[in-house]
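Open the structure in your viewer and keep the selection tool at hand. This tour goes stop by stop, saying what to select and what is there.

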Amino acid sequence: ASRFDNITMAPPDPILGVSEAFKADTDEMKLNLGVGAYRTEELQPYVLKVVRKAENLMLERGENKEYLPIEGLAAFNKATAELLFGADNPVIHEQRVATIQGLSGTGSLRIAAALIERYFPGAKVLISSPTWGNHKNIFNDARVPWSEYRYYDPKTVGLDFDGMIADIKAAPEGSFVLLHGCAHNPTGIDPTPEQWEKIADVIQEKNHIPFFDVAYQGFASGSLDQDASSVRLFAARGMELFVAQSYSKNLGLYAERIGAINVLCSSADAAVRVKSQMKRIARPMYSNPPVHGARIVANVVGNPDFFNEWKEEMEMMAGRIKSVRQKLYNNLCAKDKSGKDWSFVLKQIGMFSFTGLNKAQSDNMTDKWHIYMTKDGRISLAGLSAAKCEYLADAIIDSYH
Ligand code: PMP
């Protein structure tokens, strides 16, 4: 007998479990469209050239491995807030943003969740239905109550805008509203600029607090500014808000665990206090964050040549994803004789496409075609090559009918 006999087997993670199943498949046509990580046309992982250059520079400088402060690397925190809001945004000059370095997007969301649990007892977080699978885990573990607002409309494979607005309106005053800054995961469906304005209207009306998850700045459209426009629109209205950031995708720093949590406050004084409490939350969780990724970001953003190179590589990655999206669409239209409207594929943005395939159809994709994807019908276009677009289109059409 073991003291641990009452500990039952945990279920596999629905996203990371897909990669494990993929590895075990020996079919040569197999394709992993499960996890959201960028691949080259040869379907290999990609380290940005500008990241290698920044790392070489860091090595030459012989930097030490001393602990960072609890809040992380100062040069990183400054760079990340400026990248998000724009360096000339009044919220930066007025020192109204409390920023601490986090353990990528996930760890940054977790700090914010802990802050909500401590200072807004009973407040609910509204999350989109569907959303990135880990959001619910994060709020559950932080003991923050949450409920869902309507987002996805299966009839149009588009946004259920009226449902979304109605649910945000119906929520108790002063709730947190979790919003994907750009490239909504898993649907790839974003509100239009006009819809963002209306979302901001109801959030203000109801005294809710917007909480942005920005995991794809620059990676979705290829432009850092365009992908931050939703956050900046809310900030320009003078609203207080949360923003979690990640450099996993846009700088390809997945395993470095580099990101930040920003709290935009209505005064510099509030920002100082909020920051002090976020540090207090971080200290017993992990003491202080890792330095390597923070130095990479600070060096890339701080050097004009590197910064331009980064933007070029981001455009290249976003461009490759857009081109396989187009190619998949072309193949679907050319090969499907049912008259189905596939235009939703092109309306979506970012690395994911929501195919509209249900669980049984997604199972067919995997069992018959060896295409690995999450069971909600999401495919990662970042894991697709031009050469495999036709095969994927065949599989989707077969699974639909
Ligand atoms: N939020 C969303 C919506 C995401 O898609 C991701 C990455 N899959 C994250 C947060 C966080 O990822 P990470 O912790 O690697 O930054």
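How many residues surround the ligand, and which are the closest? The ligand is surrounded by 13 residues, and the closest are Ser104, Gly105, Thr106, Ser246 and Ser248. Here a residue counts as near a molecule or strand if its C-beta atom, placed from the backbone, lies within 6 Å of it.

Two notes before moving on. Residue numbers start from 1 along each chain as its sequence is written. This is a predicted model: local features need pLDDT of at least 70, side-chain atom pairs count only at pLDDT 80 or more, and totals for chains, interfaces and linings use all residues.

**Stop 1: the ligand shell**

Colour the shell by residue type: 3 residues are nonpolar, 9 polar and 1 charged. Ala, Val, Leu, Ile, Met, Phe, Trp, Tyr, Cys and Pro count as nonpolar, Asp, Glu, Lys and Arg as charged, and the others, Gly among them, as polar. Then select residues 104-119, helix H5, which gives the most to this shell, with 3 residues. Helices (H or I, at least four residues) and strands (E, at least two) are DSSP runs numbered from the N terminus.

**Stop 2: the whole protein**

Zoom out. The protein has 16 helices and 13 strands. Its radius of gyration (taken over C-alpha atoms) is 21 Å, close to the 21 Å that the globule rule gives for 401 residues, so the protein is as compact as a globular protein of that length. The globule rule is 2.2 Å times the number of residues to the power 0.38. Along the principal axes, the C-alpha trace spans about 65 × 60 × 55 Å.

**Stop 3: the sheet**

Two strands pair if DSSP finds at least two bridges between them.

**Stop 4: strand E3 and its partners**

Select residues 125-129, strand E3, which runs parallel to strand E7 (residues 176-180) and is joined to E7 by 2 bridges. Val125 has Phe176 as its bridge partner in E7. With E4, E3 also runs parallel, and 5 bridges join them. In that pair, Ile127 stands opposite Glu148.

**Stop 5: backbone details**

Which peptide bond next to Pro130 is cis? The bond from Ser129 to Pro130 is, with omega near 5°, and Pro130 lies in the loop between E3 and H6.
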